Amino acid sequence: MPCPGTLPSQHEDRSVSKNTVSSQLEPDLLRGLPLHEALSAWGHHWRNDVTPMSYALSRPTNTFDGFLSHDWASSGWLKFLSLLIIFNSGAAFWSCLVVSVLVGILRGYGCLPDEHWTVAFGHFIYFFVFFFWQRLQMPCRQSRMMFLDKVCVAQHDDELKHKAIMGLAAFLLNSQELIVLLSSRYFTRLWCVFEIATFMKDPERRKRIRLMPLKSTVLLLLVSGCWYLLNIGFNTTKLVFWDYNSSETESSFVFETVAAIVSMFIFCFVLLPVAFYVGMEMSEDMEVMPQQLRNFRVQDAKCLCCSIDHRDPITGARLPCDREVLYATMKEWYGGDAAGDEGDYLETFSTLVREKLAARVEFLVGGFTLPMKYLVYMVVGSSVPYLADHVALAISWFPYLSGFDLFAWMLRDLVDWGMAPVTSLLTAQTCLPLLKLGLQLRWNDSKCCRWSIAFLLTFVMSIFGSLIWAPTHVTFATIDSASP
Ligand SMILES: [Zn+2]
């Protein structure tokens, strides 16, 4: 969506050579914004009004790595955080993994104090890379060039703005990928729908539409936030208990169990109900989108010019209709075959959206899982720094073990660490089905009802998490006492 308005009114008498959105644009107007600028100042461009200074940040380019498609009314913070998850969460996860193993090795060989607090290095690197990866990679590779309408179209100059909007297809057709920051409002806006239409017309380009529902971002942040706090709570509690007791191996099981119970208690009765309460609202909003797409008709999408009867609210001047221009362009793209059978081009496009896109959106927001790749990066990432403890411990056992004994011990150490990430991943996967169950169980819309269901879901989730974690933990405690 290029702007929250219409084609500028001063151009109503301008004779546009072709009454369609052009795929040609003057080179100086074909402008992109480096990703590090799009994410600068904690998403400043997404949250604030643009100025002529903003336009100066964009630069002429021939191609775009991504076209950032969004509706202007949805939360700027969520769009910013969604882009961090898309572009930075993978790098944050792998950097954290490498640093945590390195910290473990340095601890094992005495280059760092062999103390639990050193896991903070892993946590630090995760968050540092998550927020700043777009800048950290700049010395090694050119920043990705993105199209962001607020900055790459001269919003302060009516003539330049008109030209850029009339050449919007040039931005879209020169973009490698369409990154859709999806909200329940997105498919109700005609300009957003037009951007999708540009990529839907070609089967190859259709594969390059990347959908990121903003509410999935909220759920991912909620789930990963809960697991971060649980992991920190569990390990801090364990540390405190350890300090007050002897460090005999036999007692570790008791301390870990007490730590687990205390942190689980805090987790269950403080964090989870809040997460489920907020999550139910998000989930409810997400359920609207599959329904919208199953009944999608491009004619139902709205644009501002039609809603204000094509009159400038300040000057009263007549405004040209965006819909006419966009329909004319879509007629060129979806107007029928070479034999001249034009057909109903609007219905052709609407059917394509209902058949090809609805299923993808339904899988993302109406299915039973959150995007797996991002779940691993965001949720499992919370357990990775603790790998340092296990690597350091393994190195300390090297002089006493060899051959199969060493292999078996290392395998057991790895599984011991792996309990937390596996439990977090499985419980995160059950999050969406539980939220849907919660929505079904509501007997009214009161806060009291929502809190009651949130506590019920907390109970179910706690039982499920315990069933995964407890058997492995007890098994390890038994093996510990018989180990070398
Ligand atoms: Zn109109």
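User: In which hand does H4 pass H18?

Analyst: In this predicted model, the two helices concerned are H4, residues 76–108, and H18, residues 387–397. Their axes come within 7 Å. The crossing of H4 with H18 is right-handed.

User: At roughly what angle do the axes of H4 and H18 cross?

Analyst: Two packed helices are described by the angle between their axes and the distance between the axes. For H4 and H18 the distance falls within 7 Å, and the angle is roughly 35°.

User: How many nonpolar, polar and charged residues form the contact of H4 with H18?

Analyst: H4 contributes Ser100, Val101, Val103, Gly104, Ile105, Arg107 and Gly108. From H18 come Leu387, Ala388, His390, Val391, Ala392, Ile395 and Ser396. Gly is counted as polar here. The division is 8 nonpolar, 5 polar and 1 charged.

User: What percentage of residues 374–398 is helix?

Analyst: The unreviewed UniProt entry annotates 374–398 as a transmembrane region, and likewise 214–234, among others. Residues 214–234 are 100% helix, with end C-alpha atoms 30 Å apart. Residues 374–398 have end C-alpha atoms 35 Å apart and 0% strand, and their helix content is 64%.

User: What percentage of the residues in the protein is buried?

Analyst: The protein comprises 21 helices and 6 strands. Of contacts between residues at least 6 apart in sequence, 85% join residues at least 24 apart. A residue is taken as buried when 20 or more other C-beta atoms lie within 10 Å of its own. Among the 484 residues, the buried share is 40%.

Key
Residues numbered from 1 in each chain as written. Predicted model: local features only at pLDDT ≥ 70, side-chain atom pairs only at ≥ 80, totals over all residues. UniProt positions renumbered as here; feature names shortened; annotations may be inferred. Helix = DSSP H or I, 4+ residues; strand = E, 2+ residues; numbered from the N terminus. Axes fitted to C-alpha atoms, helices over the stretch in contact; angles between N-to-C directions. Left-handed = near helix turned anticlockwise from the far one by under 90°. Contact = placed C-beta atoms within 7 Å. Buried ≥ 20, exposed ≤ 12 C-beta atoms within 10 Å, placed from the backbone.
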